[in-house]
Amino acid sequence: MFAVVMLAGIYGLVSASFFVAMDAVDVAFTEASVGAGISTLLMLTTVAMTGRTEHVARHKPLLALLVVAITGGLLIYGTFDMPYFGSADAPAHNHVAPRYLYDSIKEIGVPNMVTSVLASYRGFDTFGEVTVIFTAGIGVLALLSVVRRPEDEAEMEAINDSMHEKHLILRVVIKTLIPFILLYAFYVQFHGDYGPGGGFQAGVIFAAGIILYALLFGLSAARRVIRQPFVQLLSAIGVLVYGSVGVVSMLNGGTFLDYSVLSADPIAGQHLGILLIELGVGLTVASVMIIIFFSFSARSEYQQTKAGKSL
Amino acid sequence: MIIAATLAILVVMVLAIIRGIVGPSLYDRILAVNMFGTKTVLLISLLGFVMGRPEFLDIAMVYALINFISVIGVLRLSDAFKAKHNGPVVEPVERDS
Amino acid sequence: METLLSLASSFCLLLGSFLCLSGGVGILRFPDFYTRMHAVGVTDTLATAMILIGLMLQNPEMLVIVKLVLILLMTLFISPTTSHALGQAALLNNLTPLIAEDKNHAEKSTAAGDNPSKS
């Protein structure tokens, strides 16, 4: 199953490559970080917990294969009717897209139009996305949290210390790299207005850096750095910041999430609004990814110590 | 010349995928995926230059990081898996100083 | 100056692609995991360095050169570490390397399909 996960990682990389070929930079960025990075890591953690081989199916799933093939064929047939890639009279290019393209610089003044659409024109959608991510984090916490006893923790620490010699080179190299990764996450977060980036990608890269630390130094060392209550609080604060920007806009006389009323000059208000909500998105995404990984990993370690005791 | 380099890298990516499918052991496949990832970094940088959009270099950097983290993740987690099923993989080496 | 730079850039790109291709051929043709890993590790790093230097010499603006330098530095750090991690993990998980004596043994006893590097 490890091989399957690695091939899924290759699939993520290939799809990001053709997003790049189609000149969609932000989407390629998000696909690279989320689809090829965090998804692979989380699936690997799950496979490490559950088992490397799947049960052999008791019957050959021929009917399922037939249904999938027919559905795929119908979908491909349906695409023959679609307009050509980039044609000017396609419906996707006719309703709101021209308005976004022409008016975005005047109304919002942010060079990266994807950010302006995501954060300002469709800000309510993004609010829903952030809430969904937060809910996923709560769900994982509710299902997978493990009460850790001090003696289990001491045992895991002993194992991690004894593996120090074995992983010496990796540990030294990674200690040099992790500050750079976290700094790069901040760069992506705040540069999202001018180049590809934004809150989602930045949160994922930050979480990836912390996950790297946890993978090599052990979960207990990582928990000492990032305390669980703190990171749970952070994820809630992210959503709260997003919502309060909307409420403050209402208090200032506009509608919910209308950034123009946030300051004297509407364009400065838009910039401030986009900055704050991207911050909220980044906080929530980073902390939820960290929560999910820590929960999976703690459960896997718990199983390990239980298996070790029963041997 | 950049286009020639792009074509060369595409060829190498196909070769890496072949090894990833064929490779008899797990580590062959991990090696193939790692190579695919580093070649993707190069491919994106070259495509950025071909299409005149230097913003692609940000994506290339993210790929390099993600590739590294995924390979380290696979190696550490397959260690942990073996430890779960067979006991610890290796005893710590004793130094004599 | 311009033509010198573009000539140097083409040379670096050419060298980089050649190294890349030889690494790709190596990963398919070498007999054992450890030899393949050696091929990939060496040619990957050097090919990346050559191609990135070739792109730097194409004379774009300062920010692009800085980003390319950063990617190059990171690859120089990351690639050898990955090779080390892979090799160590494979060795510690009992993936035995193919040694010359084993091959001679296999040829002497004419045991077909007796491949000691399968794990």
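Let's start with chain C. It has 119 residues, and 32% of them count as buried. Keep in mind that this is a predicted model.

What is the secondary structure of chain C? It comes to 4 helices and 0 strands. Along the sequence, the pattern reads α-α-α-α.

Now the contacts inside chain C.

Next, chain C against chain B. How many residues does each chain bring to the contact? Chain C brings 41 residues, and chain B brings 38. Look at the side of chain C that touches chain B. Three helices each supply at least two residues there: H1 (2-29), H2 (33-56) and H3 (62-92). Which one gives the most? H3(C) does, with 15 residues. Sort that side of chain C by class, and you get 25 nonpolar, 12 polar and 4 charged residues.

Last topic: the core. The largest nonpolar core has 132 residues. Two of them touch the most other members: A:Ala208 and B:Ile59. Which helix gives the most to this core? Helix H3 of chain B, residues 56-86, with 17 residues.

Let's zoom in on A:Ala208. Leave aside its neighbours within four places in sequence. In chain A, A:Ala208 is then in contact with A:Gly37, A:Ile38 and A:Ile181. In chain B, the contacts of A:Ala208 are B:Leu65, B:Ile66 and B:Ile69. Find A:Ala208 in the structure above, and trace those contacts yourself.

Notes:
Residues numbered from 1 in each chain as written. Chains lettered and ligands numbered in written order. Predicted model: local features only at pLDDT ≥ 70, side-chain atom pairs only at ≥ 80, totals over all residues. Core = buried A, V, L, I, M, F, W, Y, C linked by C-beta atoms within 7 Å. Buried ≥ 20, exposed ≤ 12 C-beta atoms within 10 Å, placed from the backbone. Contact = placed C-beta atoms within 7 Å. Nonpolar A, V, L, I, M, F, W, Y, C, P; charged D, E, K, R; others polar.
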